[in-house]
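Here are my notes for your review. Please read them with the model open.

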Amino acid sequence: MTEMISTSVLNAENASREPELKRDYDSLGERLSGRGIDIDAIKNKVAAYGVAVPSWGVGTGGTRFARFPGPGEPRNIFDKLEDCGVIQQLTRATPTVSLHIPWDKVADLRALKEKATSLGLGFDAMNSNTFSDAPGQAHSYKFGSLSHTDAATRRQAVEHNLDCIEIGKALGSKALTVWIGDGSNFPGQSSFTRAFERYLDSMKAVYAALPDDWRVFTEHKMYEPAFYSTVVQDWGTNYLIAQELGPKAFCLVDLGHHAPNVNIEMIVARLIQFRKLGGFHFNDSKYGDDDLDTGSIDPYRLFLVFNELVDAETRAAEGFKPAHMLDQSHNVTDPIESLMTSAMEVSRAYAQALLVDRRALEAYQQDNDALMASETLKAAFRTDVEPILAMARLESGGAIAPVATYRAGGYRARVASERPAVSGGGGGIV
Ligand SMILES: [Mn+2]
């Protein structure tokens with residue numbers, strides 16, 4: 001396997017931190033044992049956990065005002081895979097990449113798959129793009145895609161999704177994620193009902209082309225780029241879509257795609273209960289679809305989402321198999337550092353949720369002991385699980401301290417010398 005950071009750097013960085021990690025791990029193990037928890041069992045679950053990296057996340061993002069590129073930006077999907085390889089090598093928490101078509105379209109799919117395999121990477125869900133116009137396409141998506149008033153434009157958008165499925169089949173993907181920007185900017189501009197009817201008709205054509213072992217995830221978002229109404233605006237509409245389409249259709253929850261203060265963990269619980277939770281786009285949000293680093297603003301909310309996921313996992317909820325993906329825009333940081341940190345934050349929330357004393361919680365709920373129920377969650381959230389995460393990484397061949405090891409490895413400076421600098425300008429990505 002191609003090592004992106006040299007083994008000698010990785011080993012030296014780990015050796016300098018290993019004695020302290022062992023002490024911390026043993027000490028935490030003793031304390032958890034007192035709570036009836038086996039630290040090794042938690043560590044093994046964390047080691048087996050993975051979240052997909054979005055291919056578009058390794059490039060520097062931006063806003064609609066500007067984009068400020070960093071050094072050594074990936075020029076194409078092969079460069080992006082190398083960056084993803086660094087993230088996986090050091091964190092051992094990101095074994096798959098989620099592609100975006102047409103951004104990642106290549107002529108030689110076999111070479112793409114071989115490149116990923118050489119880096120120890122597989123492919124998660126494919127993402128279609130009908131929210132912007134590809135060069136040379138016949139019909140514009142300015143006024144919509146799958147729900148467009150014009151049948152030829154809708155057909156083009158359907159065909160693009162079918163193309164994404166074909167590419168995914170060649171790469172070993174098993175899912176298609178569909179997010180559309182369709183909507184309206186003025187009251188009266190669009191018929192809510194007819195636009196949704198057209199969307200459902202289009203999605204039924206996409207659904208009909210899904211292989212038997214594939215799933216389709218529809219992703220809702222409250223607003224942007226349409227600012228008055230959006231066709232797939234919330235989880236209720238998303239659930240209706242999944243119901244209308246059939247058993248291979250599921251809802252995808254992007255943490256940033258809700259109104260402020262919405263109880264996302266409760267939406268997650270509802271979708272689990274009715275067997276329609278397809279997956280996540282993890283990120284964090286302060287005001288809107290900010291696409292900030294996961295866990296950077298509200299780590300407690302992320303923990304509460306994972307509390308629902310672990311609850312479902314613990315009771316083996318029927319049909320529970322969500323895909324976990326990151327979806328972020330890194331405007332002021334090195335994207336590799338942000339994605340490594342974010343993957344670790346997702347693992348951290350998972351580890352903390354595994355520590356929840358579920359029997360005690362259920363008893364407090366039954367007794368209507370609100371304060372102790374809350375404290376039971378807080379006791380898990382307040383536990384510093386870093387030694388568990390670091391030990392899981394170390395034993396899997398990763399880095400105890402991924403960001404420090406990445407910086408010591410000089411990867412960014414090396415690729416900056418190989419990849420020509422790109423100019424700024426342009427907007428960012430959604
Ligand atoms: Mn998303």
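Where is the place of W214? The points below start there.

1. Location of W214. This is a predicted model. W214 sits in the loop between helix 6 (192-208) and strand 8 (215-219).

2. Surroundings of W214. Set aside the neighbours within four places in sequence, and W214 is in contact with K174, A175, L176 and K248. P187 is another matter. It is 27 residues from W214 along the chain, and 37 Å separates the two C-alpha atoms.

3. Helix 3 against helix 14. Two packed helices are described by the angle between their axes and the distance between the axes. Here the pair is helix 3 (residues 77-91) and helix 14 (residues 402-409). Their axes come within 10 Å and cross at roughly 125°. That angle makes helix 3 oblique to helix 14, because the perpendicular class runs from 65 to 115 degrees and the antiparallel class needs over 145. The crossing of helix 3 with helix 14 is right-handed.

4. Residues at that crossing. Helix 3 contributes V86, L90 and T91. Helix 14 contributes P402, T405 and Y406. By class, four residues of this contact are nonpolar, two are polar and none is charged.

5. Helix 13. How many of the ten residues of helix 13 (residues 386-395) are buried? Seven are, and the helix is mostly covered. The buried residues are P387, I388, L389, A390, M391, A392 and R393. Note that R393 is on that list. The cover over these buried residues includes helix 1 (7-34), helix 2 (39-48), helix 3 and helix 10 (335-354).

6. After helix 13. G397 follows helix 13. The phi of G397 is positive, near 95°.

7. Three strands form it, in the order 1-2-4, with parallel pairing. Which strands lie at the edges? They are strand 1 (53-54) and strand 4 (122-123), and each pairs on one side only.

8. Strand 1 with strand 2. Strand 1 pairs with strand 2 (residues 96-98) in the parallel sense, over two bridges. Within this part of the sheet, V53 stands opposite V97 of strand 2.

Terms used: Residues numbered from 1 in each chain as written. Predicted model: local features only at pLDDT ≥ 70, side-chain atom pairs only at ≥ 80, totals over all residues. Axes fitted to C-alpha atoms, helices over the stretch in contact; angles between N-to-C directions. Helix = DSSP H or I, 4+ residues; strand = E, 2+ residues; numbered from the N terminus. Parallel < 35°, antiparallel > 145°, perpendicular 65-115°, else oblique. Left-handed = near helix turned anticlockwise from the far one by under 90°. Contact = placed C-beta atoms within 7 Å. Nonpolar A, V, L, I, M, F, W, Y, C, P; charged D, E, K, R; others polar. Buried ≥ 20, exposed ≤ 12 C-beta atoms within 10 Å, placed from the backbone. Pairing = 2+ DSSP bridges.
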